[in-house]
Structures are given as structure tokens and as C-alpha cells.
Amino acid sequence: MTGTLNKVMLIGHTGDDVKMHYFEGGGSIGRFPLATNESYTNRTTGERVTNTEWHNVVVRNKAAEICEKYLKKGDRVYVEGRIKTRKWQDDQGNERYQTEIHCTDFTFLTPKGESESGYQGNSNAGYQGNSNRQGGGNATPSKPANQNYNKNESYSQEEEDDDLPF
């Protein structure tokens, strides 16, 4: 097999609100920590053990703005994306690394009324978003821009238009 795959699917709870960074060209990046848990019973002691793994999630542009608006600390969310590791030098000249999940799709899973944000939405469906896979575009809602987003309503981004006739 000659192909490779870099795909991550996580369901977890946010550890903080989305922190936004805006750029001069109009782009934006949102970052938030996501906790996933693994539980098992210790065979020797019989006690329940839970291990928590923290993930650094990065969302871009319109999808980041939607996450900032509706995703709050403690909310449950499904995140799909790619693993990326950044490398830089700190103030002392040491090489530092940070592994991140660059989100391409997400679905809010916290039911209506359970979010700390007090958001009241339709609980019949999950809210889905799609961040541009190339990192430079915007997520496009299927609703007109002047309407408010419903946290529990679905939408997906259509891929960039191409020149194919079908």
C-alpha cells in the first residue's frame, strides 16, 4: 500500500472556552483543550481507574467563530481532523514541540439546556460544522448569513468549487 492516512476522531469534553486569534487578512484561529477518558477496572484491587488524555484542538476561520460562540467549557463535542506537530525554539533556545488536532469537522453533542452558556436550541439533532481542509477558507452555513446559528442544527460545508462539469 502506497497511501497514508492522518485522521483523528475524538469525542470528549472541552477543558476551557475557545480562545480566538484574529489575523489582519480576516482569518482566525480558535484553540481549545479537549479531554478524553479511558476507564477500566484494576484486576488486583477491583477499583475503577480513569485516565484522562488532553488534546489541543485548532479550528480555523468561520468554524472557529461558530465554536467560540456556542462551545463552552465542559461541553461534549465530536472532533474530526488531522494530527500536526509544531516545532519552535523557546526563549532559552531549546527546541519545543506541540502536537495539535487540526479540526476539519465537528459536532456539538451537549444536549439543550446542559451547556454552561445557557444556550437554548433544538435538541433533536447534533450541530455539525466543517473547517476548511486547506486552512485558508471559510466554513459556509447552509442558511443565509443574517440568521442565527442553532447549536443543535446540522450543516456542512461544501467543498471548494472545481471546474468539473458534474
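Predicted model: local features only at pLDDT ≥ 70, side-chain atom pairs only at ≥ 80, totals over all residues.
Residues are numbered from 1 along each chain as its sequence is written, and side-chain values use heavy atoms, with hydrogens and water left out.

Let me begin with the overall layout. The protein chain has one helix and seven strands, where helices (H or I, at least four residues) and strands (E, at least two) are DSSP runs numbered from the N terminus. Along the sequence these elements come in the order β-β-β-β-α-β-β-β. Taking a contact to mean heavy atoms within 4.5 Å, and looking at contacts between residues at least 6 apart in sequence, we find that 61% of them join residues at least 24 apart.

The accessible surface of the protein chain comes to about 11,000 Å², and 44% of that belongs to carbon and sulfur atoms; the areas come from the Shrake-Rupley method with a 1.4 Å probe, and for residues only the protein chains shown count as cover. Of the 166 residues in the protein chain, buried ones make up 36%, with buried meaning under 20% relative accessible area, exposed over 50%, and partly exposed in between (1.4 Å probe, protein chains only).

That brings me to the interior. In soluble globular proteins, nonpolar side chains tend to be buried together. By a nonpolar core I mean a set of buried Ala, Val, Leu, Ile, Met, Phe, Trp, Tyr and Cys residues joined through side-chain atoms within 4.5 Å. The largest such core here has 20 residues, and the members that touch the most others are Phe 32, Val 57, Val 59, Val 79 and Phe 108. Two or more residues each are given to this core by β1 (8-14), β3 (28-41), β4 (48-60), α1 (61-70), β5 (76-89) and β6 (95-108), and α1 gives the most, with five residues. To take one member in detail, Val 57 touches Gly 30, Arg 31, Phe 32, Leu 34, Val 79, Ile 101 and Cys 103, not counting residues up to four places away in sequence.

Turning to charge, the structure holds five salt bridges, each defined as a side-chain nitrogen of Lys or Arg within 4 Å of a carboxyl oxygen of Asp or Glu. One of them joins the side chains of Lys 7 and Glu 80 (3.4 Å, N to O). Lys 7 lies in the segment before β1 and Glu 80 in strand β5, so this pair ties together parts that are 73 residues apart in sequence. Lys 7 is partly exposed at 48% relative accessibility, whereas Glu 80 is buried at 14%.

The side chains of Arg 31 and Glu 100 meet at 2.6 Å, N to O, and since Arg 31 lies in strand β3 and Glu 100 in strand β6, the pair ties together parts that are 69 residues apart in sequence. Arg 86 meets Glu 100 at 3.0 Å, N to O, and this pair, from strands β5 and β6, spans 14 residues in sequence. Glu 100 is buried, with a relative accessible area of 1%, while Arg 31 is partly exposed at 35% and Arg 86 is partly exposed at 35%.

I will end with Glu 68, which is in helix α1 and counts as partly exposed at 31% relative accessibility. Glu 68 and Arg 31 are 37 residues apart in sequence and 9.1 Å apart in space, C-alpha to C-alpha. Not counting residues up to four places away in sequence, Glu 68 touches Val 18, Met 20 and Tyr 22.
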